[in-house]
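Load the model in your viewer and keep the selection panel open. The stops below say what to pick next and what sits there.

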Amino acid sequence: MKKIAMLGVGYVGLVSGTGLADFGNEVVCYDIDSTKIENLKKGIIPIYEPGLADLVKKNVEKGRLSFSMDFDQVIQDSEVIFLAVPTPSGKAGEVDLSYVFTAVDNIAKVINGFKVIVTKSTVEVGTNDKIRERMLGNNIPAEMFEVVSNPEFLREGSAIGDFMRPDRVVLGTSSERALNIMKEIYRALYLIETPIVATDIRTAEMIKYASNAFLATKISFVNEIANLCELVGADVQMVAKAMGLDGRIGKKFLHAGPGYGGSCFPKDTSALTKIAEKAGMHASIVETVIAVNERQKMRPVEKLLKFLPDLKGRTVGILGLAFKPNTDDVREAPAISVIRAILKAGGKIKAYDPEAMNEMRRHFPDITYVASSEDAIKDADALIIMTEWNEFRNMDLKFIKSVMKQPIMIDARNIYDPQKVQALGFKYDCIGRKIEN
Ligand code: NAD
């Protein structure tokens, strides 16, 4: 059991902090956003993540998880300090490390004994070395701290399962002492034989970028194949299924759709190209992946324009705003690009998402948000499914047709059977499948 400070209670910090507490550690979470901490103290969870509220409650009740705004105390009482602060894209697509360095400078001000500083945030290769230099520059003696890179691979929407049963734990450090402390923190995972990849710091930092860039590549690859399938009369669902059955390829991340979004893939792919640029190399595959993804985000709108060439004054119902189901996160969601393009063309939006409407209001305060999918569809000239929430998978299509102004459906997630929808009289299109319109 270790005493842990978790800095940042966003998607990664709150899930990891709670998970580490569930592994038996004593975790205190701190965030510069006092509202989040005050709410957490009252049991109010700032994000939507299935299973998280129950796990937080359980660990708070067991006395292993708590929340505090007293930074000095949080740092001084802990042996291990995790950084789960944002690392957004800077202006040129590079990683903005200002949150990380601010946190490190603040730790240096109050450090009172040996600490392991663990970077969970996704950081540019070389950042953990810079953290060490920064601590030394703040006159903290080298024997007072060690630095570990422990990148996080959880997926929003299934974050608890991913954290509690990860495919691997990556620990990058040059210190035997820090490595042993980290192994103790993750001891619960030995029981389920989770591979621990112990390596040097820069390799650990690189593993995170290489993994995300590879997954983004799979998505852009299948989207490019989907677009080709449309041109040659093939069905991408079947192509992806058969490809995925090949153990060398694997079936995950082979779903054609409106492109990837979220807080990680867009910024991490962009950061990787910048890291390469700085190192004097051109990351041409990843650059193409980014370009393909940007184009893909416009596919639903291109398909809509085929049926409704003039969007002026037309109302489009959007089902799904989150970048994927089971989260309220809309960062870089393809729905943002689609809504922006429709508004630019003079169209109106009626939007519904089970969890993400509050987040989307920050981007589009003036579009209409409704309380149900039925309300979004009623009197709409067209309907676009942007996120494959379960509740959109089995809608009453006859009812939808009867309440829409025109029965036009763009299924950007391929959740309906084209033949069945078209047989009901819809003008229907999707991504990469055979359409008879
Ligand atoms: P987030 O924006 O949801 O949360 C970050 C939190 O850190 C916020 O609550 C913010 O107020 C807080 N914060 C900022 N500065 C702070 C400071 N100095 N001290 C304490 N708290 C501070 O971000 P996130 O999605 O949790 O991502 C965090 C990091 O983890 C990023 O580097 C991201 O790339 C990485 N990551 C994210 C995911 C994901 O699915 N979201 C997965 C793996 C890795």
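**Stop 1: Ile-275**

Select Ile-275. Leaving aside neighbours within four places in sequence, Ile-275 is in contact with Glu-124, Val-125 and Tyr-209; contact means heavy atoms within 4.5 Å. This is a predicted model: local features need pLDDT of at least 70, side-chain atom pairs count only at pLDDT 80 or more, and totals for chains, interfaces and linings use all residues. Residues are numbered from 1 along each chain as its sequence is written, and side-chain values use heavy atoms, with hydrogens and water left out.

Ile-275 is found in helix α12. Helices (H or I, at least four residues) and strands (E, at least two) are DSSP runs, numbered from the N terminus. Is Ile-275 buried or exposed? Ile-275 counts as buried because its relative accessibility is 13%. The cut-offs are under 20% relative accessible area for buried, over 50% for exposed, and partly exposed in between (1.4 Å probe, protein chains only).

**Stop 2: domain 1 against domain 2**

Colour by domain. The chain is divided into domain 1 (3–199), domain 2 (209–288) and domain 3 (297–429); these bounds come from an automatic or database domain assignment. The C-alpha centres of domain 1 and domain 2 lie 29 Å apart. Across the boundary, 15 residues of domain 1 are in contact with eleven residues of domain 2.

How much area do domain 1 and domain 2 bury between them? About 960 Å², with 52% of it on carbon and sulfur atoms. Buried area is the accessible area (1.4 Å probe) that two parts lose on being put together, summed over both. In domain 1, pick Gly-93, Thr-122 and Glu-124: they lose the most area to domain 2, together 35% of what that side buries.

Stay on Glu-124. Its side chain meets that of Lys-278 in a salt bridge (2.6 Å, N to O). The term requires a side-chain nitrogen of Lys or Arg within 4 Å of a carboxyl oxygen of Asp or Glu. The count between domain 1 and domain 2 is one salt bridge.

**Stop 3: the nonpolar cores**

Move to Leu-304, Ile-318 and Leu-321. Of the 54 residues in the largest nonpolar core, these three touch the most other members. Such a core is a set of buried Ala, Val, Leu, Ile, Met, Phe, Trp, Tyr and Cys residues joined through side-chain atoms within 4.5 Å. Helix α15 (residues 334–344) gives the largest share of this core, six residues. A second, separate core of 41 residues includes Leu-40, Ile-45, Val-118 and Leu-189.

**Stop 4: loop residues**

Select Ser-263, in the loop between α11 (236–244) and α12 (265–278). Ser-263 counts as buried, because its relative accessibility is 15%. Beyond residues up to four places away in sequence, Ser-263 touches Glu-156, Asp-329 and Arg-331.

Phe-253 is in the loop between α11 and α12. Its phi is near 60 degrees, a positive value in a residue other than glycine. Most residues other than glycine have a negative phi. Phe-253 is partly exposed, with a relative accessible area of 23%.

Finish at Glu-332, in the loop between β9 (315–319) and α15. Glu-332 also has a positive phi, about 60 degrees, although it is not a glycine.
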